[in-house]
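Here are my notes on the model, as numbered points. They cover strand pairing, ring contacts and one backbone angle.

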Amino acid sequence: MSGRKVPMASTWVKTSHPGVRYREHPTRKHGVRKDRYYTIRFRVEGVLKEEALGWASEGWDAERAAVEVGKLKANKRLGTGPRRLEEAREAGKAQERARKASEAKESREAITFAAFFRDHYEPLARANKKAESFRREDSLYRHWLEPILGPLPLALVGAAHLERIKQNMQQAGKAPRSVHYALAVVRQVFNVARRLDYFHSESPTSKVKKPTNDNRRLRFLSHEEANTLLAALADKSTQLHDMALVALHTGARAGEIFSLQWGDIDLEHGIISLRDTKGGRNRQAIMTEAVKTLFTDLPTGARNEHVFPSRTGERIKAVSRTFDKVADEIGFNHGVDDPRLKVVFHTLRHTFASWLVMAGVDLYTVKTLMGHQTISQTERYSHLAPNAMRQAVQAFESGMAQNRH
């Protein structure tokens, strides 16, 4: 229907086609004659209706108008389709909306893994994850995921493609944990795609068997070894020694120690507040006397200053290579090929937990001190308390004996 105002000066003229009439524009011409404005008249449930079509200059004429009348009458007779032009126009708009929605859906589902990763997943990961974590994900993506998954639409990524990634990484000598992490990145990409309505099926990672290999560290230090290591570190770097002492006496991770600010140190109550932990939850560590003395002797900074700053005063990003050099120099890693048995900075956290269990501390308390999210993470240390089960049975027998008397 034309959006132009119909001039009222002219009168309606019937055509030879029933229900079709027009009136002429008082001044404007279309060809050799005045422009004509066409309408159609018909009955709907006994009521006479009239609907506007448009100008001859817009392509309307009596024959075309008669065709529209015929369609409406046929719909009325057959009981199908619109009976008024307004209904027909709305149906046409609905069809157009459905067509555009279908095209948009097809376009979204055709997006490739590479395009979705760079345009949608990467911005979210950069904004919500720690820089170190995203750098690792990005490296796995570029080296292992993109070559195979990059050109594929999300909907066409299947288990066979992920098996190829597993095989490529294993043949390159990558550890099972690295393979597991790569598959985890794929799973997270599909989770985001589903949340953003780019993907509507089950993630292909659900059909792939994860590599099974226990690569958790097994090595922990004896008290004598710990003293030897701390003394050797002190000769090379006072700060590295101090951080190692905190890790050994609190079980704090390297990243948690790097993040420590003086506002986290409560000397009065002997408590360290650990923020931005791996599990995403803040927790507290209890100072030993050695740790309390260490913090007391250090020059105290402002609450927002790092306890162990880098040379530029910023947060340290990684453990100094000096630690590994010292561990090698004192022979801790001589002839050790299994990475689980090598002494690294994380060995100090493992040692802390091992010493607790060997001292008879229950696993639930160890879990709390370590900041483990589940008790299964702590149960790996249960073998270090061989007397615990024996003592439990003895306590059971003692209770039975008392009840008999």
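1. Two strands are taken as paired if DSSP finds at least two bridges between them. The model is a predicted one, and the pairing described below is computed from it. Strand S2 (residues 20-30) and strand S3 (residues 33-44) run antiparallel and are joined by 7 bridges. At the end of this pairing, His 30 has Arg 33 in S3 as its bridge partner. The two strands make a hairpin with 2 residues between them, and Gly 31 in that turn has a positive phi of about 75°.

2. S3 is also paired with strand S4 (residues 47-55), again antiparallel, through 8 bridges. Val 44 stands opposite Val 47 in S4. S3 and S4 form a hairpin with 2 residues between them, where Glu 45 in the turn has a positive phi of about 55°.

3. Another positive phi is that of Asp 197, near 70°, in a residue other than glycine. Asp 197 belongs to the loop between helix H6 (176-195) and helix H7 (223-236).

4. In one of them, the rings of Phe 117 and Tyr 121 have centres 5.3 Å apart and planes at 40°, so the pair is tilted. Both residues lie in helix H3 (residues 113-128), 4 residues apart, which is about one turn of the helix. Phe 117 and Tyr 121 are both buried.

5. A further tilted pair is Phe 295 with Phe 308, whose ring centres are 6.5 Å apart and whose planes are at 40°. Phe 295 is in helix H10 (residues 289-297), whereas Phe 308 is in the loop between H10 and helix H11 (321-329), so the pair ties together parts that are 13 residues apart in sequence. Phe 295 is buried, as is Phe 308.

6. Which residues do ring pairs link into a cluster? They are Phe 113, Phe 117, Tyr 121, Tyr 141, Phe 190 and Phe 199. The tilted pair of Phe 117 and Tyr 121 is therefore part of this cluster.

7. The charged end of Arg 28 sits over the ring of Trp 55, at 4.4 Å from its centre. For Arg 64, the charged end sits over the ring of Trp 60, and the distance to the ring centre is 3.7 Å.

Terms used
Residues numbered from 1 in each chain as written. Predicted model: local features only at pLDDT ≥ 70, side-chain atom pairs only at ≥ 80, totals over all residues. Heavy atoms only, no water. Phe/Tyr/Trp six-rings, centres within 6.5 Å; stacked < 30°, edge-to-face > 60°. Buried < 20%, exposed > 50% of the residue type's maximum accessible area, 1.4 Å probe, protein only. Lys NZ or Arg CZ within 6 Å of the ring centre and 35° of its normal.
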